[in-house]
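Hi everyone, thanks for coming along. I'd like to walk you through one structure this morning, so please have a look at it with me before I start talking.

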Amino acid sequence: MTNPSITKQEVQFRLKSSQEYGQASFSGIVSLALALVLLLNSYIPSTGAFKPVVLIASLTYFIFTLLQLAVWSLIRRDLIQFGAIKRSTRLLGYVLLLSILSANLFIATAAFQLLKVKKSSAYTLSVYAALTTLLVFAVSALNIFKPYVANGFLIGMFLLIIVTVLQLAVVLLVAKYADKPILPRFMWVVAFILILTSVSGNLFALFLGLLLIAKLRDKGHTSGSKLGEVVERLSRSSTSMLGLLFILFLLTLSITSYLTFDYGMAIDNNYSLILQSPNMAYPLGTDNFGRDLFSRIVFGARISLVVGLMSTLIPVVIGGVLGAISGYYGRHTDNVIMRALDILYAIPGILLSIAIIAAFGASTVNLILALSVGAIPTYARTMRANVLLVSTLEYVQAARAFGSSDSAILFKHIVPNSIAPMIVKSTLTIGTAVISTSSLSYLGLGVEPHIPEWGNILKLGSAYLETHAFTAIYPGLAIIALVLSFNFLGDGLRDALDPKLD
Amino acid sequence: MIGHATATGNGYADRLAATYRKILLHPTYRLLILLAGAPVTIIVYVAYLLLKSKSGYTSIVEETRNKLLKSGYLDELLLEAKDQLERKHRFFGQTVNTEQTAREAKQLASQKFEETLQVQLKERLSEESGLKITFGDTYHSLAMNPFFLVLSVIIGLPMYLLMAIYANPYVKYIAERLFMAIFVIFGVAFLVFTILYISPMNPAANLLGETATAEQIATFNHIYGLDQPYLVQLWNTIKGILTFDLGKSFAGNENVTTAIANKFPVTLTLTFIATLIAVLIALPIGIISATRPNSFLDYTFMFIALLGLSIPNFWQGLIFILNFSIKLPWLPATYNPNNWLSAIMPIVVLGTGLTAAVARMTRSSTLEVIHEDYITTAKAKGLARRHVLWKHAVGNALIPIITVIGLQFGAMLGGAAVTEKVFNISGIGSYIVDKQFIPDIPSIMGGVVYTAITISIVNVIVDLLYAFFDPRIRSKMKQY
């Protein structure tokens, strides 16, 4: 096995082809960077002292970073010497799993991948499903330090605990059985429980449930479902999985917050608690009306997700249909549709939104419509290009020879086969929609000012930039994290679906 | 081509006629040229009819048709088509009434009959040359007459201008592109005006306050022409946009175009400098990333680029003000045209998104080009790495990058409103935002339309740049 004279290329190849090695280096570097950021933030320049809580967090991150880097060098040595990772190195993953207690997801996800030799898409999904619920549970649990909690808090937390336990059990079951060519019968029950738990918004659980059912029905006849293939390719990129994790975490949090968070905390003025610095009861401080910033940001996620998704979905459908018709019928239809859309395309999105909102007033519905209208031409162009490409293929000719109608050919044969670039493009532009929403809200043109939307929170906070900068920094960080997640996911999806984007 | 077959040695007439024939093949241009040179068209048409009847072409067509009809060919075709249709219906299990089948069969048969007729005519005409006269041929024979040529230039000058444009592919491309831009500009004016026209908002009530009487509101609407019908208002607005006179704004009673002319240069200068700096930074970063794909440097650069795409402008601006104006008193927090230091932060904030987008695009497009066959060939020839990269790869990778720069410049100009609000810059963006609460229709109209016009002009320039830099587009242009 050990060959002392392997070439540099071979070393490179072994390192590059090992998923664990790449994930270990990624998580090590990111967690080192986070530790440094925390260290810098814990230092107070005016007094020369350190904030104890932040300093402890920073030190914990440093410890896990060191551990991760040690494991990284072990993996590297194993790969160079033996060409595979030794069992003893893999077992160190259990130590690294402890990092989840410090909310260090980067190391935790890498550790989960390190523990399993043969990774299946079911295993990856089950780990991420459990992690999402665990995170939501931890974040919701922060509410116990508050003077009072929401009415449904106890029920909500109880349900979250049950779901967490169930999903952790699923991780173990999946790790044991999912590699087998034929799954045992009781997996039906597991799959249904998973789909039931996905009501919380945890779509990882839904995907896993569907994947298991597909495998159960398949009985080992085929090599696997399409969903499994996409998940497998997607899970090779740590960044896109983490992006998806954050998006689904926010989704689950938005849904479970109906039970676990008190809306009053986010909107009722409390003049005895104006502009409090972050503390245990108010983890991100309070704003100039004494409202809890943490709750406000959690409720803001709901608006941002809804507006972002809706203002992407509407233009995808309208633009997609227009583009498909334009590309399929060609000639005059094409000319008329595309020239009309050229006009829309000439006005920058934000400016068109401002004009529409100026005409119809600022409200959430108008905002969604305004953002949607501006995005139609881009999607129409993407769809048109794909339809032009697909409609020259042989199976379309075959369908025509069989006497299918135009609409059947277009919507049954062409559109489903040209949808991949639309998915990628829409994922990448949800981020832009989120930024536009908060930008317009910041200008006072978006969501109504009394609704806790991230742009609104930031607008209020920006007035206290000099004295209480945190009121403007935290909502901004939330926006960046969400947009970055969508961008990472979009990049990952582009690699996984591999459409030819123009 | 017919043009070559009928060359007569008269240089001018031949060239003119060749262009004329080519234009007649293109449906839109045919209509345009026939209309542009209406007097000439009439002369040519009369001559065409005369020539046609003289040459006996029509009689030959009639003769051939009658011969074919007499031979019972049409009935034969009809039967065949009917049989075909019936078999088709039986195969697909369709039930179609006999009347419709008969109609379809007749259509099919007549179509086939015409085809055969044309084939036979062609055979016949190839035996006896000089019989078939086309519209283009008529023009050709007329153009050989110098008197007609001079006369037609005088009465049909627009037609000759159109022909001159059509004859040169570059000029034709530029003309078409400019026509599109003008169409888009009018479209934008129409769209924005219509949106503001159907608005349920009432600027008069907003400005005059709740205590305003119906008479006051009516007077206000009369002064600003808001009581006129839609088409009149639309016509006035479009005229106003073209003559740079959009009247007075509702609030403040200032001249809208003067106000816009004062604000626009500020925004344009800032965005232009931001674009320039962004491109200068982004191109090297993208190329470095592409030459070392999947390295630590590549990942770091691309992560920073993605971060740059994900930061909202206003938040970035606030953080900059917090760090560089409040915590460290290095730069002024608000923009002042007389202090260049105050322009640094707005330019950086404006340029971040563009830098990120261009760097990502440069990377992916250079990576794509690097894997092309001709790069392998260049390497195999033993060219230096540097030479291959700069001479062969980057030049070709630039095309999509220029597109992104053009598009992003537009987005930046439109999105400048947010940055302008953060740094208190009195540019066009913050002007529109300030005016939208009333809503001050002429101001918003002017701001949006003039911005869109600027963006359209930039896009035209980008497109023309392509045409002159990219040999592939150049050759495509010549073909059509």
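How much area do chain A and chain B bury between them, and what share of it is on carbon and sulfur atoms? Before I answer, please keep in mind that this is a predicted model. The answer is about 3900 Å² buried between chain A and chain B, with 83% of it on carbon and sulfur atoms. Chain A brings 48 residues to that contact, and chain B brings 51.

And how many salt bridges are there between chain A and chain B? The count is 1. You can find it by looking for Arg360(B) and Asp491(A), whose closest N and O atoms are 3.0 Å apart. Over all chains, the salt bridges come to 18.

Lys146(A) and Asp292(A) meet through their side chains in a salt bridge, at 2.9 Å from N to O. Where do these two sit in the chain? Lys146(A) is in the loop between α6 (121-141) and α7 (153-177) of chain A, and Asp292(A) is in the loop between α12 (263-267) and α13 (293-329) of chain A, so the pair ties together parts that are 146 residues apart in sequence. Are they buried or exposed? Lys146(A) is buried, and Asp292(A) is buried too.

Now turn to Arg291(A). This residue forms a salt bridge with Asp287(A), and here the closest N and O atoms are 3.1 Å apart. Again we have a buried pair, Arg291(A) and Asp287(A).

For comparison, please switch to chain B and find Glu80(B) and Lys112(B). They form a salt bridge as well, with 3.8 Å between the closest N and O atoms. Glu80(B) belongs to helix α6 (residues 73-92) of chain B and Lys112(B) to helix α7 (residues 98-127) of chain B, so this pair ties together parts that are 32 residues apart in sequence. Back in chain A for a moment, salt bridges with shared partners join Asp287(A), Arg291(A) and Arg296(A) into one network.

Next, some helix packing in chain B. Two packed helices are described by the angle between their axes and the distance between the axes. Take helix α3 (residues 27-36) of chain B and helix α10 (residues 157-167) of chain B: their axes come within 7 Å and cross at roughly 150 degrees. The crossing of α3(B) and α10(B) is left-handed. Which residues make the contact? From α3(B) we have Tyr29(B), Leu32(B), Ile33(B) and Ala36(B), and from α10(B) we have Pro158(B), Met159(B), Leu162(B), Met163(B) and Tyr166(B). In this contact of α3(B) with α10(B), 9 residues are nonpolar, with no polar and no charged ones.

While we are in chain B, have a look at helix α8 (residues 135-143), which is mostly covered, with 8 of its 9 residues buried. Among the buried ones are Phe135(B), Asp137(B), Tyr139(B) and His140(B).

Let me move on to the backbone. Ala103(A) has a phi near 65 degrees, which is a positive value in a residue other than glycine. Ala103(A) is in the loop between α4 (87-97) and α5 (105-115) of chain A, and at 45% relative accessibility it counts as partly exposed. In chain B, Asn424(B) has a positive phi of about 60 degrees, although it is not a glycine. Asn424(B) lies in the loop between α20 (385-422) and α21 (428-435) of chain B. Is Asn424(B) buried or exposed? Asn424(B) is exposed, with a relative accessible area of 55%.

Glu372(B) is in the loop between α18 (341-370) and α19 (373-380) of chain B, and it is partly exposed, at a relative accessible area of 35%. In chain A, Ala214(A) has its place in helix α9 (residues 203-218), and Ala214(A) is partly exposed, with a relative accessible area of 30%. From Ala214(A) to Val174(A), the C-alpha distance is 14 Å, and the two are 40 residues apart in sequence.

That's my tour, so over to you for questions!

Technical notes: Residues numbered from 1 in each chain as written. Chains lettered and ligands numbered in written order. Predicted model: local features only at pLDDT ≥ 70, side-chain atom pairs only at ≥ 80, totals over all residues. Heavy atoms only, no water. Axes fitted to C-alpha atoms, helices over the stretch in contact; angles between N-to-C directions. Helix = DSSP H or I, 4+ residues; strand = E, 2+ residues; numbered from the N terminus. Left-handed = near helix turned anticlockwise from the far one by under 90°. Contact = heavy atoms within 4.5 Å. Nonpolar A, V, L, I, M, F, W, Y, C, P; charged D, E, K, R; others polar. Buried < 20%, exposed > 50% of the residue type's maximum accessible area, 1.4 Å probe, protein only. Buried area = accessible area lost by both parts, 1.4 Å probe. Salt bridge = Lys/Arg side-chain N within 4 Å of Asp/Glu carboxyl O.
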